[in-house]
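This briefing looks at how the parts of a protein structure meet one another. Please have the sequence and the structure open while reading the points below.

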Amino acid sequence: MNQQELQALRAMIVAHKRWDTLFGVIGILALMLGLMTFAALFADMAINGLGRISVDFLTSFPSRRAANAGILSAWVGSVLVMLVTAFAAVPLGVAAGVYLEEYAPKNWITDIIEINVSNLAGVPSIIYGLLALGLFVYTFGLGQSILTAGLTLALLILPVVIVATREAIRSIPQIIREGAYACGATTWQVVSDHIVPYSSAGILTGVIIGMARAIGETAPIITVGALTFIAFLPTMPFTGELPAGPFDWLFAPFTVMPIQMFNWTSRPEAAFLSNAAAAGFILVLMTLAMNGLAIWLRYRLRKNIKW
Amino acid sequence: MNAMTDRYETLLPLKAEARNLSFYYGNFQALKNINMPIYEKKVTSLIGPSGCGKSTYLRCFNRMHDLYPGNRYEGAIDFHPDHTDLLSKKVDPIEVRMRISMVFQKPNPFPKSIYENVAYGLRVRGENARSVIDDKVEAALRGAALWGEVKDRLKELGANLSGGQQQRLCIARALATDPELMLFDEPTSALDPIATASIEELITELKERVTILIVTHNMQQAARISDYTAYMYIGEMVEFGVTDQIFIKPKRKETEDYITGRFG
Ligand SMILES: Nc1ncnc2c1ncn2[C@@H]1O[C@H](COP(=O)(O)OP(=O)(O)OP(=O)(O)O)[C@@H](O)[C@H]1O
Ligand SMILES: [Mg+2]
């Protein structure tokens, strides 16, 4: 290559590299736009709400007077609803994901199921609320209860759990599966001894991300009849009287954090807006904590998985 | 056919015999009417150019192809002494895999402890007694010449071992359940010469206890470790015979071309 060609080559590389720089700048800008918006909202909420956050705020029921109002019933409601959601969505979602990956024959029926699972993830959440109102509240007679709300949100995050389960399962190398089958394992043994344990990190991450979304959902919860003003706690778990027994709390009326916020923001007094900001701040912290937990769990579980 | 005459010349006890075995991946016929004996407590190696069907043939013996849709066997593999047809639809592939174990090309330890890796075959068989499992795990690890290196770290992950150790761990796993036949699919192709030598030595020792069928790309390896050798080409069994005979004076021109081509 002579000097002239070499010069031309270098000039071309420089010209091409300009695109790298340009895209880098655009990428950072796009990222900043998203992050800054969130940071601004969060800061605004913190400024408005921090003054209200105290132990009293967490341990008081809502009140007509903004200064006395707290979020006790709301956060307890959110936690209990999430509990039901997790207990319903995890077994169903994991079972569905495992079935689709390890058992189902690959044919057009499973293709249709697969497409529909992905589609379900895009259905507006209020539709789930309507479905649950008809199914859980009226047909099954579960009432406007924690159980109904938990099951509704479980349906909502089911596609997320299924997809996460499938992705996690797919990342297990085929040679590991073959190794297990070659030892004489049945499909069930392969699933329970290998597939589920090795994909648990991915599954858990999916579950928690789904829950982090569910905890902020308002529309479907209102549809199934959450109350906006609740000044009592559900019966403590395992203390309920027979015949409903220790699970009385499942059938208690309830409210959740986003609904409490919504209720406060719709009041005219400015003091209630501070309450809403404070509750929002705590809700965001709850979500961030859940995501943090997901990251930590993934790290912990992956440490022992090497192919 | 040559394969048949050899068999009757040697009169050794058979462990298995492929009869008119054909295999199809969907519409593609990967094995064509293979007839071949496998002698008990001997090492039989399968050689042939890439893509000729060695792995496909090997994986018929533990019905690995049943895991994927669209695969089809024809013919039979007669398994001695009970004359079970391994390929029969009436024979459960799980039963076949309980009697015939396999070591893969790439070491594939489970992401579990060394101990649990070796114990897995026993657990699958419902063995729960700690003392029984302890003993068998130790025996298998000794059999795989790995005990000395891992006896103090049985709780560690199998994946923390070196490549050669991992492959010996997989051999221990395949050995722990006292298989009647062991299948090896190019077990040393991912290993360095020293690890390869130790695996070869191991295979030679193992044939005291178990029949071995091994696929290899390395003809020196086939010559070193096997008693019988089969040369395959595009899905057909071209020649089967005593290893020395195959390497020194093959009966078929194709075999000779392949062997000399590689050697010289
Ligand atoms: N899952 C599959 N579906 C369709 N065709 C396949 C499949 N696996 C292998 N084949 C084809 O079957 C033939 C035999 O493949 P096989 O893997 O048995 O060869 P091999 O002798 O083991 O080769 P190598 O030495 O490279 O491992 C090849 O033509 C290959 O392309
Ligand atoms: Mg192969």
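The model shown here is predicted. According to a domain assignment, chain A is divided into domain 1, covering residues 3-50, and domain 2, covering residues 53-304.

**Between the two domains of chain A**

- The C-alpha centres of domain 1 and domain 2 of chain A lie 36 Å apart, and their contact takes 7 residues from domain 1 and 8 residues from domain 2.
- About 670 Å² is buried between domain 1 and domain 2 of chain A, and carbon and sulfur atoms give 80% of that area.
- On the side of domain 1, F42(A), M45(A) and L50(A) together supply 61% of the area that this domain buries against domain 2, which is more than any other three residues.
- Between domain 1 and domain 2 of chain A there are 0 salt bridges, while 2 residue pairs are in polar contact.
- The residues of domain 1 of chain A that touch domain 2 divide into 5 nonpolar, 2 polar and no charged.

**Between chain A and chain B**

- Chain A and chain B bury about 2,000 Å² between them, with 62% of it on carbon and sulfur atoms, and the contact takes 22 residues from chain A and 25 residues from chain B.
- E178(A), C183(A) and K306(A) supply 29% of the area that chain A buries against chain B, more than any other three residues.
- The count between the two chains is 1 salt bridge, and E178(A) forms a salt bridge with R59(B), in which the closest N and O atoms are 2.8 Å apart.
- There are also 9 residue pairs in polar contact between chain A and chain B.
- On the side of chain A that touches chain B, the elements giving two or more residues are α7 and α8 of chain A, and α7(A) gives the most, with 8 residues.
- The residues on this side of chain A divide into 11 nonpolar, 7 polar and 4 charged.

**Helix α4 of chain B**

- Helix α4 of chain B, residues 114-124, is largely enclosed by the rest of the structure, because 9 of its 11 residues are buried.
- Among the buried residues of α4(B) are I114(B), Y115(B), N117(B) and V124(B).
- The buried residues of α4(B) pack against α7 and α8 of chain A, together with α3, α5, α6 and α7 of chain B.
- α4(B) is followed by G126(B), whose phi is positive, near 85°.

Notes:
Residues numbered from 1 in each chain as written. Chains lettered and ligands numbered in written order. Predicted model: local features only at pLDDT ≥ 70, side-chain atom pairs only at ≥ 80, totals over all residues. Heavy atoms only, no water. Buried < 20%, exposed > 50% of the residue type's maximum accessible area, 1.4 Å probe, protein only. Helix = DSSP H or I, 4+ residues; strand = E, 2+ residues; numbered from the N terminus. Contact = heavy atoms within 4.5 Å. Domains from an automatic or database assignment. Buried area = accessible area lost by both parts, 1.4 Å probe. Salt bridge = Lys/Arg side-chain N within 4 Å of Asp/Glu carboxyl O. Polar contact = N/O pair within 3.5 Å; in protein donor to acceptor, adjacent residues only side chain to side chain. Nonpolar A, V, L, I, M, F, W, Y, C, P; charged D, E, K, R; others polar.
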